Amino acid sequence: MLQEINFDGIVGPSHNYAGLSLGNLAATKNAGGTSYPRAAALQGLAKMRGNMTLGLAQGYLLPLPRPNAGWLDEVAADATTDRALVAGAWSASSMWTANAATVSPAPDTQDGRCHLTVANLVTMPHRSHEWPDTHRQLRLAFADSRHFGVHHPVPMCFGDEGAANHMRLAPSHGQPGLEVFVYGRSGGPFPARQHEQASRIVARRHGLDPARMLFVEQAPEAIAAGAFHNDVVAVANEHVLFTHECAFADPAGTYAAIAAKCPGAQVVEVPASAVSLNEAVRSYLFNAQLVTPPSGEMTLVVPGECKESAPVWTWLQAMLAGNGPIRQVKVVDVRQSMANGGGPACLRLRVVADPTTVDPRFLLDEARADAMEALIAQMWPEQIDPADVGSASLAASIHSARTALLDLLGLGELA
Ligand code: SUG
């Protein structure tokens, strides 16, 4: 049976705060701080377990090999002077699997298969070298070509950030849906990472029906406020779009187009008067996972930072007291990832599929979660200080930690 499976990125053992992402305010603010990879990975696993407890299907993607020696060679980095390039080769940024690919589920596509286009992530140097290993991994997880098509990135001249700039609205996950692609226009203080052409190429490749696709411009003020991806200001699930008032360049036009193309869609809009754009970005209210557990009670899985924000928490309580479609709010602690600008929604790639068609080595159950936790507790570095990035001995322990995880999961071919 088709269902939504969340594939979370396991936080890699090289997780560190290098401040590499211009326009990502949390990441630049925490540049140079000490990171805690072990705690980060355990927080991620606890989030996955929490979603399994809700009755949701859970998968994962593995950390990519870091430091990426091939990339360091390519950029001919000098270890003492080119610190940003060295840090780029060490980044654990593939944990944010919302940027791994754009996914069009089978009910939306012409050939009735689920299509995935790996994101090129070209705008940020440290992320631009993720795609070859991500592609390899997705080809393995979704190897069954009767059900899946895994595509190369779109040409590098068009920036593509994957599912972070893509939403889907449908009566239920297994039915045909409206795919909404959100792109940015350059010209603001920060880069617009998703190009319109990239989105259009993905839609054509995936064989979407023009009647059920929409291309929407992200509000330039949202990008300027630090919403470097649309999923920092909006999230959709089934027939519900949960969005900040300032997410889109033309909010009214966007809602009208959604209503026309997806009858029954419901927009839950948070006004700037209740939660300012800055507060939305600070708390990551919209970088929540909006999910439908088997109970049918639509649930918003928010980061702990939302509870600490008076306007956000007040708004959420009022929402629950009303009779809107979102019936539960669940708080999770992903602070280590949040400090690099990655909330609960960044950490997962949604794939609507029948779990029996996915390589089982990428699916989580309690026993596997226990085994992973034990391994991470033993092998992931406890902390990384910025000065450690580049150290040969740390690189060796990061390598053995990842190799041990691959062995545990029987995924040695990803070495
Ligand atoms: O691309 N941060 C990531 C966060 C990605 C969040 N993803 C979504 N919104 N879907 C980024 O900006 C910071 C790494 C550093 O600076 O060391 C980083 O890459």
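**Figure 1. Helix H2 of the predicted model, spanning residues 37–53.** The structure shown is a predicted model. Helix H2 comprises 17 residues, and the distance from its first C-alpha to its last is 24 Å, close to the 24 Å expected at 1.5 Å a residue. The helix is mostly covered, with 12 of its 17 residues buried. Pro37, Ala40, Ala41, Gln43, Gly44 and Leu45 are among these buried residues. Also buried in H2 are Lys47, Met48, Arg49, Gly50, Asn51 and Met52. Just after the helix, Gly55 adopts a positive phi of about 100 degrees.

**Figure 2. The cis peptide bond between Arg66 and Pro67.** Most peptide bonds are trans. The bond joining Arg66 and Pro67 is cis, with an omega of about -5 degrees. Pro67 belongs to the loop that runs between strand E2 (57–61) and helix H3 (69–74).

**Figure 3. Ala76, a non-glycine residue with positive phi.** Most residues other than glycine have a negative phi. In Ala76, phi is positive, at about 50 degrees. The residue is located in the loop between H3 and H4. Ala76 counts as exposed because its relative accessibility is 61%, where the cut-off for an exposed residue is over 50%.

Figure 4. Tyr284 is part of the loop between helix H10 (277–283) and strand E12 (289–291).

**Figure 5. Surroundings of Ser93.** Ser93 is placed in the loop between helix H4 (83–90) and strand E3 (101–104). Its relative accessibility is 1%, and Ser93 therefore counts as buried. When residues up to four places away in sequence are not counted, Ser93 touches His126, Arg127 and Glu130.

Figure 6. Thr254 is 105 residues from Gly149 along the chain, and the C-alpha atoms of the two residues are separated by 29 Å.

**Figure 7. The whole protein, as context for the close-up views.** The protein contains 14 helices and 15 strands. Its radius of gyration is 20 Å, close to the 22 Å that the globule rule gives for 415 residues, so the protein is as compact as a globular protein of that length. The C-alpha trace spans about 55 × 45 × 40 Å along its principal axes. Of the 415 residues, 58% count as buried. Among contacts with a separation of 6 or more, 77% are between residues 24 or more positions apart. The accessible surface comes to about 14900 Å², and carbon and sulfur atoms contribute 55% of this area. There are 29 positive and 39 negative side chains, and the centres of the two sets lie 2 Å apart.

Note on methods. Residues numbered from 1 in each chain as written. Predicted model: local features only at pLDDT ≥ 70, side-chain atom pairs only at ≥ 80, totals over all residues. Heavy atoms only, no water. Helix = DSSP H or I, 4+ residues; strand = E, 2+ residues; numbered from the N terminus. Rg over C-alpha atoms; globule rule 2.2 N^0.38 Å. Buried < 20%, exposed > 50% of the residue type's maximum accessible area, 1.4 Å probe, protein only. Contact = heavy atoms within 4.5 Å. Areas by Shrake-Rupley, 256 points an atom, 1.4 Å probe, with all protein chains shown as cover. Lys, Arg positive; Asp, Glu negative; His and termini not counted. Charge placed at Lys NZ, Arg CZ, Asp CG, Glu CD. Expected span 1.5 Å × (residues − 1).
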